[in-house]
Amino acid sequence: MDMKKYAAEAIGTFWLTFAGCGSAVIAAGFPEVGIGLVGVSLAFGLSVVTMAYAIGHISGCHLNPAVTVGLAAGGRFPTGQILPYVIAQVVGAIVAALLLYVIASGAPGFDVSKGFASNGYGAHSPGQYSMMVGFLTEVVMTMMFLFIIMGVTHGRAPAGFAPLAIGLALVMIHLVSIPVTNTSVNPARSTGPALFVGGWALSQLWLFWVAPLIGGALGGVVYRWLSEEPTGVVAGAKTA
């Protein structure tokens with residue numbers, strides 16, 4: 001049963017990374033009919049909505065190391081499962097980035113060094129935002145993301161609406177923060193594209209691990225303080 005959970009997390013994170021980053025790489029600036037910032041934001045949010053309904057009952061549909069750590073900090077996920085979940089998520093993101101690279105490189109003039117949907121700060125921020133601003137943005141956005149996730153998966157929250165609320169929260173986060181860091185709030189999603197861009201993307205990747213993990217833990221702890229009961233593990237099916 002645990003292996004099925006890890007497989008579900010890998011598949012779900014693959015879809016989030018491929019659909020979200022793919023929308024940015026392939027469709028965002030397509031001549032005359034590009035989907036732009038709003039379209040990319042929707043793609044990330046919809047990827048979470050669709051996977052939450054598809055695999056939420058199997059693994060809890062974290063798709064993000066910061067979510068896994070945040071839920072554990074909030075007392076809603078077993079700490080012993082953090083590492084295998086994170087490994088599965090990173091593997092899924094890397095496979096997605098590989099497939100996206102193969103597809104995107106089929107277009108004339110494709111240049112992976114232009115960004116490939118990587119996250120960055122300073123000269124590599126879409127809006128040239130500084131490292132400190134990027135760090136603060138990622139911490140706050142991830143903290144609020146976890147706060148929302150903790151709330152909508154609470155035992156007293158309206159049943160069946162959690163995927164929609166979580167997906168819409170991710171849309172909102174992207175609408176605000178794409179200009180700042182190209183929006184991470186997800187270390188796995190950041191790692192996949194960065195491995196193919198190399199250079200600056202890898203040297204700046206630390207921020208997109210440290211800030212989301214801090215933000216996720218803060219969001220989990222704050223919501224746990226605000227509303228302890230009822231608790232419920234966000235881990236899908238029971239282990240054998």
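**View 1. Helix α7, mostly under cover.** In this predicted model, α7 spans residues 187-197, and nine of its 11 residues are buried (under 20% relative accessible area, 1.4 Å probe, protein chains only). Helices here are DSSP runs of H or I with at least four residues, numbered from the N terminus. Among the buried ones are Pro187, Arg189, Gly192 and Val197. The cover includes α1 (2-27), α2 (36-59), α4 (82-104) and α9 (207-226), with contact meaning heavy atoms within 4.5 Å.

View 2. Just after the helix, glycine 198 takes a positive phi of about 65 degrees.

**View 3. The largest pocket.** This one holds about 570 Å³ of space. Of its 41 lining residues, Gly60, Thr153, Ala162, Ile166 and Val234 sit closest to the centre. A pocket is an open set of points on a 1 Å grid over the protein atoms alone, where a 1.4 Å probe fits, with protein on both sides within 12 Å along at least five of seven lines; lining residues have an atom within 4 Å of a point. Volume is the space filled by probe spheres set on the points, which are joined across faces, edges and corners. Helix α2 supplies the largest share of the lining, six residues.

**Notes.** Residues count from 1 along each chain as its sequence is written, and side-chain values use heavy atoms, leaving out hydrogens and water. Local features need pLDDT of at least 70 and side-chain atom pairs 80 or more, while totals for chains, interfaces and linings use all residues.

Definitions and conventions
Buried < 20%, exposed > 50% of the residue type's maximum accessible area, 1.4 Å probe, protein only. Helix = DSSP H or I, 4+ residues; strand = E, 2+ residues; numbered from the N terminus.
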